[in-house]
Amino acid sequence: MISNPRFDPTRSGGLRPSARAGQPQRLASQMTPPLRLYKYEALTTQSLLNLKRQIIYFGSPLQFNDPYDCALTSNIEDPSDSDLATIRQKYLNDQILPPLAKQQFETFSTQQLRETFVKAAKEAMESTTRNFLKTKGVACFSEKNNNLLMWSHYGGHYKGFCLEFATNAEPFSKINKVRYKPAPPPLSVKSILFDEDFHIVQELFCTKSEAWEYEAEWRAIHHAAGTQFVYPANALTGVYFGPDIDQQSLEIICLILAGQNESVRFWRGSRSTTEFSVLFEEFNYVSNLQAKKQGLAPS
């Protein structure tokens with residue numbers, strides 16, 4: 001998190017860092033997640049390696065395919081006269097405010113204060129969001145395992161697979177629910193300048209256009225982009241196979257997991273003949289070697 005910027009009009013840029021204070025607060029996006037979340041995967045060498053190594057990759061948000069993703073464009077509202085008075089008084093009460101800055105706060109007109117605080121808020125948002133996007137890593141999940149667009153966009157055009165995770169394991173303890181809005185949410189100058197840990201940026205990071213609402217997305221955020229997070233084997237509870245996956249690829253995935261997760265469940269996908277949907281039927285995987293030993297396949 002970024003520490004709260006204290007405003008100082010006598011310094012270049014108008015901002016300087018301050019010590020963090022107060023207790024951590026729960027973000028609006030940090031709701032209790034469903035018991036299961038899903039991650040769609042195309043069938044690639046990397047996705048198979050990640051499966052074998054039990055890795056969730058936290059990629060850079062700069063690589064997202066939606067240029068409006070994260071709603072990080074600052075939509076800052078002009079502060080009311082009442083807000084200006086509150087902000088001014090807060091800084092006048094600041095014991096470490098330089099004398100020249102204090103004098104300016106006492107003598108500035110309402111319009112001068114408005115211009116000064118809006119500029120400071122914009123600079124603070126731009127600096128913090130730029131740093132956030134460059135450094136943070138994100139892993140994306142969905143509440144749904146049967147969405148046609150998700151299978152098409154992220155599940156290898158129905159030839160991939162979808163992982164089911166139990167959310168009582170890491171990294172899901174502080175996962176964030178994505179909120180879908182018709183426009184970037186407006187921000188108040190007061191909330192930007194008074195936000196102890198700049199939670200606003202993380203909230204905006206979990207805000208997307210309503211056009212993406214079908215994804216029903218949740219996001220796990222890591223402090224470092226490029227992190228390969230190793231999850232416990234029992235966190236993976238199921239694998240759903242796309243209806244167009246080939247049998248050899250299906251067996252490769254089953255064989256990978258047979259050696260490290262005996263409790264995972266497998267579901268084979270098929271296209272519904274009565275509606276536009278994907279149907280799943282659970283199956284038990286038996287390797288060819290096991291089948292021969294059990295007399296279920298010719299030697």
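Strand 7 and strand 14 (residues 236–241) pair in an antiparallel arrangement through five bridges. Strands here are DSSP runs of E with at least two residues, helices are runs of H or I with at least four, and both are numbered from the N terminus; two strands pair if DSSP finds at least two bridges between them. The model is predicted, so local features need pLDDT of at least 70 and side-chain atom pairs count only at pLDDT 80 or more, while totals for chains, interfaces and linings use all residues. Residues are numbered from 1 along each chain as its sequence is written, and side-chain values use heavy atoms, with hydrogens and water left out.

How many of the six residues of strand 7 are buried? Six of the six residues of this strand (residues 161–166) are buried, so the strand is largely enclosed by the rest of the structure. Buried means under 20% relative accessible area, exposed means over 50%, and partly exposed lies in between (1.4 Å probe, protein chains only). In a regular strand the side chains alternate between the two faces of the sheet. In strand 7, Phe161, Leu163 and Phe165 lie on one side, Cys162, Glu164 and Ala166 lie on the other, and both faces are covered. Cys162 has a relative accessible area of 0% and is therefore buried.

The loop between strand 7 and strand 8 (176–177) contains Thr167. This residue counts as buried because its relative accessibility is 13%. A polar atom of the Thr167 side chain lies 2.6 Å from the backbone oxygen of Pro34. Setting aside neighbours within four places in sequence, Thr167 is in contact (heavy atoms within 4.5 Å) with residues including Pro33, Pro34 and Arg36.

Leu257 counts as buried because its relative accessibility is 1%. Apart from neighbours within four places in sequence, Leu257 is in contact with Leu51, Leu236, Val239, Val264 and Phe266. Leu236 is 21 residues from Leu257 along the chain, and their C-alpha atoms are separated by 9.8 Å.

Charged side chains provide a further set of links. The whole structure holds 10 salt bridges, each being a side-chain nitrogen of Lys or Arg within 4 Å of a carboxyl oxygen of Asp or Glu. One of them joins Glu203 to Arg179, with the closest N and O atoms 3.3 Å apart. This pair links distant parts of the chain, since Glu203 is in helix 7 (residues 199–205) and Arg179 is in strand 9 (residues 179–181), 24 residues apart. Glu203 is buried at 12% relative accessible area, whereas Arg179 is partly exposed at 27%.

Arg265 and Glu282 also meet in a salt bridge (2.8 Å, N to O). Arg265 lies in strand 15 (residues 265–271) and Glu282 in strand 16 (residues 278–283), so the pair ties together parts that are 17 residues apart in sequence. Arg265 is partly exposed at 40%, and Glu282 is partly exposed at 34%.

Finally, Arg219 and Glu217 form a salt bridge (2.7 Å, N to O), and both residues are buried. Lys208, Glu215, Glu217 and Arg219 are linked in a network of salt bridges.

Conventions: A polar contact is a pair of N or O atoms within 3.5 Å; within protein, one must be able to donate a hydrogen and the other to accept it, and residues adjacent in sequence count only if both atoms are side-chain atoms.
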